[in-house]
Amino acid sequence: MTAVVFVANRGEIALRILTACRGLGLRTVLGVSAADRDSMPAALADRTVVLGGARADRSYLAQDTVLAAALGTGCTAIHPGYGFLSENAAFAEACAANGLTFIGPSPQALRRLGDKIEARELAESLGVPVSPGGTAVSPEEVHRLAESIGYPLLIKAAHGGGGKGMKLVTGPEELTSAWQVASGEALAAFGHGAVFMERFVERARHVEVQILGDRHGGRLHVGERDCTVQYRYQKVIEESASEGLTPEDRRVLTESALRIAAELDYVGLGTVEFLFDESTGAISFLEVNPRLQVEHPVTEAATGIDLVREQIQACLGEPLSFKQSDVVFRGHAVECRITAQDPARGLAPSPGTLRRWRPPRRGGLRLDSHMYEGYRFPPFYDALMGKLVAWGEDRARAIDLMSDALAEFEIEGFPTSLGLLRRIVADPDFRANRIHTNWLTERLENEAHS
Amino acid sequence: MQFDPEDLALVLESLDGVDYQHFQLEMGDLRIVLTRGPETPASPAPSASGPAPDTAGSRPESKPAADIQPGTPHPTAAASTTAERPGAPGPDDKTITAPILGTFYRSPKPGDPPYVSVGDPVETDTVICIVEVMKLMTPVTAGHRGVVTEVLATDGELVEFEQPLFRIGPAS
């Protein structure tokens, strides 16, 4: 029986998934919110159904509505994309209970990875390098643990992720109150108050490994990505490969990622995130994102592998179409996230009507975007407008191409990150790869204060 | 206080289904004005002459033929009562739309007579159908006083959010 895929997402990633399904000859149904009726993905899907109101909890996050829509339109599989229901173990279980294939890893894997304390323990038990950290209950224990880790340290929500709800603690006098505040915020934001702490690495690179598994025990890695350019823990620019790594670093990273994948019988796409301490060279496990990642195109550009196609096929039961030895890395790819955010106002969301959208037209570029002129960018969801990817024989040439491409890009209608991206790719520190995860944040905050 | 997009969504959704022509909300520096009525040519028409970038820049125009089969009929659905379309809608007809996505049922349970049929008088609070989402039944009321003039959806089929279900004409 040929699968019919329900796409439970929106924006550029819905387009990406719909295109991959079409390439596989699979029919698609897209569930949209009332605010996305006139979106580009809605025009591309074989059928589009309106799930509910604009608010995500009434549409993209409404589990029963998504299930009813998928079942009522004859779908056999659900692709959750990223965000929304993609990491929701209960939803993955409900899919299985209703005979729908969830395009992602098993509910058990989602559950173990969704709890960051358990994920840390899992990594540690497999000999994957983990930074000093952990969790405790009584204030005395919390202080003792903090002393053993050393300051500054970070408090994170066990059920958070992606930098949301993190607290930096610079000394013991801040600890008790920060721990309580973080726990309260975690409870409010994620429904779980559990928090843990980890050593704060001041000068770190963010390096992550792409993993892919099938239902026949096939598992491999598709190299690493470097996502060191971040603003307040949100990724801004991603690259493949990570140029500073030694072959030994790379071996530790990929072997660690594959050990985690094997332990979880991992199916589909996943990303194992690490921090690389610039001052000590130490690698430490951060978390696993058990889903398709926003920045997957840089890996596709550097390997020629269609990750979304492989993900869908693997989750539908096909064996992977290639072996580890077939994964060959060529050249360097850079991705810039173009967002409806205003750099002049701390990258606050800046939705509006897109009056002008003229992307650059050059060889070696890829643009994943759901924008069109006249599009009314809704204020209800994330700010991503598109991802521009440039490929070159080496890092310098990829950045040169990106620089030219951003210069040619014309966007009007509301403030966007375009100007900021132009500045970053022209920055001598970025070009020389002398950056760390707080580099952009520090730079912008210094400018704001001066 | 901060007024974020979520709040705006909440305001817009609360106003959905409310009969208004002009709505104004002022909170400090913030001012929101909503008007309903004939389309005003305020915003410029989107340019149709934009270049077509490599992957995705201009709206895809044609939709491939959608031949998705509807899901297997609901096991408890009675012999499907199809939509009743007796005539063109009158100028004072109200269209009742689905408050949520789900399966549309015209009767309380299979085999029962439908809640309402064409020609039946309804009051504002008359239940006219139910919409089911994963075993959860949501009754839908007429919302207007009048007479059912048209049934627009088919019993046992999936209806989308805001899909027209009934037309109700003025009480005779």
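**Group meeting: a predicted two-chain model**

Let me begin with strand 2 (residues 27-33) of chain A, which is mostly covered: six of its seven residues are buried. Buried here means under 20% relative accessible area, exposed means over 50%, and partly exposed lies in between, with a 1.4 Å probe and protein chains only. Helices (H or I, at least four residues) and strands (E, at least two) are DSSP runs, numbered from the N terminus.

A word on conventions. This is a predicted model, in which local features need pLDDT of at least 70 and side-chain atom pairs count only at pLDDT 80 or more, while totals for chains, interfaces and linings use all residues. Residues are numbered from 1 along each chain as its sequence is written, chains are lettered from A and ligands numbered from 1 in the order in which they are written, and side-chain values use heavy atoms, with hydrogens and water left out.

Strand 2 of chain A pairs in the parallel sense with strand 1 (residues 4-7) of chain A, over four bridges; two strands pair if DSSP finds at least two bridges between them. Within this pairing, A:Phe6 has A:Val29 as its bridge partner in strand 2 of chain A.

Which residues touch the most other members of the largest nonpolar core? They are A:Phe6, A:Ile78, A:Ile237 and A:Met385, in a core of 107 residues. The largest share of this core, seven residues, is supplied by helix 1 (residues 11-23) of chain A. Apart from it lies another core, of 24 residues, among them A:Ala123, A:Val130, A:Phe276 and A:Phe285. By nonpolar core I mean a set of buried Ala, Val, Leu, Ile, Met, Phe, Trp, Tyr and Cys residues joined through side-chain atoms within 4.5 Å. In soluble globular proteins, nonpolar side chains tend to be buried together.

Contact means heavy atoms within 4.5 Å. Leaving out residues up to four places away in sequence, A:Ile78 touches several residues, including A:Phe6, A:Val66, A:Phe91 and A:Cys95. Of these, A:Phe91 and A:Cys95 are buried residues of helix 4 (residues 89-97) of chain A, as are A:Ala89, A:Ala92 and A:Ala94. The buried residues of helix 4 of chain A pack against helix 3 (63-72), strand 4 (77-79), strand 5 (101-102) and helix 5 (107-114) of chain A. At the start of helix 4 of chain A, a side-chain oxygen of A:Asn88 comes within 3.1 Å of the backbone nitrogen of A:Ala90. Just after helix 4 of chain A, A:Gly99 adopts a positive phi of about 75°.

I turn now to charged residues. A salt bridge is a side-chain nitrogen of Lys or Arg within 4 Å of a carboxyl oxygen of Asp or Glu, and by this rule there are 48 salt bridges over all chains. One of them joins A:Glu12 and A:Lys387 (3.1 Å, N to O). A:Glu12 lies in helix 1 of chain A and A:Lys387 in strand 20 (residues 384-392) of chain A, so the pair ties together parts that are 375 residues apart in sequence. Are these two residues buried or exposed? Both A:Glu12 and A:Lys387 are buried.

A second salt bridge links A:Arg225 with A:Glu208, with the closest N and O atoms 2.8 Å apart. A:Arg225 is in strand 11 (residues 219-231) of chain A and A:Glu208 in strand 10 (residues 204-213) of chain A, so this pair ties together parts that are 17 residues apart in sequence. Both A:Arg225 and A:Glu208 are buried. Salt bridges that share partners join A:Glu208, A:Arg225, A:Lys235, A:Glu238, A:Glu273, A:Glu295 and A:Arg337 into one network.

To place this in context, chain A has 15 helices and 21 strands, and buried residues make up 59% of its 450 residues. Chain B has one helix and 10 strands, and buried residues make up 31% of its 172 residues.

Finally, confidence. Chain B averages a pLDDT of 74, with 58% of the residues scoring at least 70; pLDDT is the predictor's confidence in each residue, from 0 to 100. Over residues 38-80 of chain B the pLDDT is below 50, although this stretch has 71 contacts in the model beyond near neighbours in sequence. Where pLDDT is low, the predicted coordinates should not be read in detail.

Conventions. A polar contact is a pair of N or O atoms within 3.5 Å; within protein, one must be able to donate a hydrogen and the other to accept it, and residues adjacent in sequence count only if both atoms are side-chain atoms.
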